[in-house]
Amino acid sequence: MKSIKKALGIVLTAAAVVTAGSIFVSVAGNHYSDKIRIKMAHNQSKDSEIADCIAKVAEFAAEDPSMNMEIDIYPSGVLGTEQSAVEMVKAGVLDMAKVSSSMLGQFNDCYSIFSLPYLFTSEGHYYNAMEKSEKVRELFRMNEDEGFLVIGYYANGSRNIYLKEDIKADSPAVLKGKKIRSMTSSTSMRMLELMGASPTPMAASETYTALQQGVVDGAENTELALTVDKHGEVAKSYTYTEHQYTPDVYIISTKTWNRLTEEQQNYLVECLNRSNENFKNKYRQMMEEAIEEAKGMGMTIYYDIDKTAFIEAVQPLHEEYKAKGAFYQELYDDIEQYAGEE
């Protein structure tokens, strides 16, 4: 049975590659130019504010005609899942993709560091480490020989706990016995267990009904879950536990990267950095608006809690990560050194 499922997965991935290839051949054939055309995919809804921020990359790239570069963006997962997008980038069929850094752990286990709860102890720590860490940059180049590298990121906000009851979720003792919706990953479930909760894995699309019917007592996500997914209608409190900051990253095919001149490479990275700065400002505004809307739904928002008990509780996950090997320890230590910089 496992061999059949594996074979089916290979067939589906191959089909996605062929489909994407036919799209790209069609585009190039109908709109020929001497520009370098970069095709980038992501799974954000094309009408979302996040998709608008990602689209800025193409706008910025077009500002300097001397770079002779054009970026075509395929939103809404039209080319498949994030996993299939990575496979296509590795194969050189797709030039670029925006994917979750934690998802890249399926291709390189070192990326699982971004799933560690309280790896980043504040937003300032998060930004400083992502922008300054030499080991993060080394990680981003580790898969170059396997077909892809990371050349930029965008700064998703923090994930936090929200409950059906009006309770400040500020310690494992508060969460003890509470069923909290979890992503379907072993790390997420273990994290919630260590934080005192009883993890209940399910798809994001099932969470509203589960909250409404009492299948779960709460969930953990960014502020947008309260408004976009309407969870604020069935939850009463949102506590800024800030237990995870998980960046999304831009990957590029090694083949595409090597086609670019050094000047074009630098310019593309600059465009991604500008897009990230634009996104930071926009994201902060989006979260503030979401919280105000959630308050209007009757939710209580708990800020600035003492996270010490949670941080101490999840340390076994940190120790297990560092024990995996020398680079794991080096990467972890390099990120940690920026914790004091605000």
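In the predicted model, Asp 95 is buried, with a relative accessible area of 8%, a value under the 20% limit for burial. Asp 95 lies in the loop that runs between helix 3 (82-91) and strand 3 (96-100).

Two polar contacts involve the side chain of Asp 95. One is directed to the backbone nitrogen of Lys 39, at 2.8 Å. The other joins this side chain to the side chain of Thr 256, at 2.6 Å. When residues up to four places away in sequence are not counted, Asp 95 touches Arg 37, Ile 38 and Lys 39, together with Val 89, and also Ile 251, Ile 252, Ser 253, Thr 256 and Arg 259.

A second feature concerns the packing of two helices. Such a pair is described by the angle between the two axes and the distance between them. For helix 4 (residues 123-132) and helix 11 (residues 262-296), the axes come within 14 Å and cross at roughly 165 degrees. Helix 4 is therefore roughly antiparallel to helix 11, because angles over 145 degrees are placed in that class. The crossing of helix 4 and helix 11 is right-handed.

Helix 4 contributes Glu 123, Tyr 127 and Glu 131 to the contact, and helix 11 contributes Glu 277, Lys 280 and Arg 284. By class, the contact between helix 4 and helix 11 comprises 5 charged residues and 1 nonpolar residue, with no polar residues.

Terms used. Residues numbered from 1 in each chain as written. Predicted model: local features only at pLDDT ≥ 70, side-chain atom pairs only at ≥ 80, totals over all residues. Heavy atoms only, no water. Helix = DSSP H or I, 4+ residues; strand = E, 2+ residues; numbered from the N terminus. Buried < 20%, exposed > 50% of the residue type's maximum accessible area, 1.4 Å probe, protein only. Polar contact = N/O pair within 3.5 Å; in protein donor to acceptor, adjacent residues only side chain to side chain. Contact = heavy atoms within 4.5 Å. Axes fitted to C-alpha atoms, helices over the stretch in contact; angles between N-to-C directions. Parallel < 35°, antiparallel > 145°, perpendicular 65-115°, else oblique. Left-handed = near helix turned anticlockwise from the far one by under 90°. Nonpolar A, V, L, I, M, F, W, Y, C, P; charged D, E, K, R; others polar.
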